[in-house]
Amino acid sequence: MRVRVLFFAGLRERAGSGSIDLEGLLPGATVRDVRRAVEERCPALASVPAAAAVNLEYAPPERVVADGDEVAFLPPVSGG
Amino acid sequence: MTFLLTREPIDPAPLVASVRTDGDGAVALFVGTVRNVARGREVVRLEYEAYEEMARAETARILEEVRSRFEIGAARIVHRLGALAVGETSIAIVVASAHRTGALEACRFLIDRFKERVPVWKREVYRDGAAWIGERS
């Protein structure tokens with residue numbers, strides 16, 4: 001299973017990239033699992049506070065992701 | 001278009017005209033501007049970025065929510081992206097309504113919700129450094 005992962009603002013800078021394709025996730029993988037896999041690949045992201053969104057909607061850590069989903073990690077927002 | 005992300009300067013006056021109809025007795029306008037000091041440091045400019053597709057989706061949800069809570073006519077939100085100098089407008093919100101209370105309360109609701117939920121980020125650039133706002137680390 002494969003998902004596209006997006007990073008923004010400070011997270012993007014730490015990741016060194018705005019997006020990565022994450023492969024090899026097991027069926028039933030959650031947002032929490034995605035985050036864990038991302039942190040393994042980019043240790044600089046560990047323990048940085050971030051909300052998550054799946055396919056353009058905020059999603060809790062226990063949300064199950066599907067093949068082809070877009071998962072974004074969002075630092076606390078500061079628009080306006 | 002009820003929500004716009006733009007890299008061009010925002011002019012609030014045409015926005016006010018764009019939402020008002022002859023059935024409206026009030027238009028509330030909120031304008032957010034770049035100030036020259038933040039966190040005790042001198043700000044040179046701000047840089048905004050967005051998760052644009054989600055920002056549009058989230059703002060659409062907020063605009064739907066505001067309609068269910070307040071008696072209003074048309075509403076629009078425009079947010080600037082990219083680099084902004086001190087004094088420039090980062091966001092403008094306009095709400096038309098038959099009466100002032102609906103317009104003012106809905107406008108307040110929209111800016112508060114926007115700042116809580118819409119995926120836009122600000123980087124403050126100071127005379128002596130820079131920082132993403134929101135991230136505390």
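Mentor: From the N terminus on, chain A runs β-α-β-α-β-β-β, where helices (H or I, at least four residues) and strands (E, at least two) are DSSP runs numbered from the N terminus. This is a predicted model, in which local features need pLDDT of at least 70 and side-chain atom pairs count only at pLDDT 80 or more, while totals for chains, interfaces and linings use all residues. Residues are numbered from 1 along each chain as its sequence is written, and chains are lettered from A and ligands numbered from 1 in the order in which they are written.

Trainee: What pattern does chain B follow along the sequence?

Mentor: Chain B has three helices and nine strands. Read along the sequence, they give β-α-β-β-β-α-β-β-β-α-β-β.

Trainee: What is the radius of gyration of chain A?

Mentor: The radius is taken over C-alpha atoms, and the globule rule is 2.2 Å times the number of residues to the power 0.38. For 80 residues, a compact globule would come out near 12 Å, and chain A agrees with that. Its value is 12 Å.

Trainee: How many residues of chain A are in contact with chain B?

Mentor: Two residues are in contact if their C-beta atoms, placed from the backbone, lie within 7 Å. On the chain B side, 24 residues take part. Helix H1 (9-15) and strand S5 (70-74) of chain A each give two or more residues to the side that touches chain B. For chain A, the number is 15.

Trainee: Is Ala9(A) buried or exposed?

Mentor: Ala9(A) sits in helix H1 of chain A and has a positive phi of about 50° although it is not a glycine. A residue is buried if 20 or more other C-beta atoms, placed from the backbone, lie within 10 Å of its own, exposed if 12 or fewer, and partly exposed in between. Ala9(A) has 27 such neighbours, so it counts as buried.

Trainee: Where is Leu56(A)?

Mentor: Leu56(A) is another non-glycine residue with a positive phi, near 75°. With 16 C-beta neighbours inside 10 Å, Leu56(A) counts as partly exposed. Its place is in the loop between strand S3 (51-54) and strand S4 (57-59) of chain A.

Trainee: Within what arc do the buried residues of H3(B) fall?

Mentor: Helix H3(B) has Gly102(B), Ala103(B), Ala106(B), Cys107(B), Leu110(B) and Phe114(B) as its buried residues. They line one face of the helix, because seen down its axis, using the directions from the axis to the C-beta atoms, they fall within an arc of 125°.

Trainee: Which exposed residues does the face of H3(B) turned away from its buried side carry?

Mentor: Start with the buried side, where the cover includes strand S2 (26-33), helix H2 (52-69), strand S5 (75-80) and S7 of chain B. The face turned away from that side carries Arg100(B), Asp112(B) and Glu116(B).
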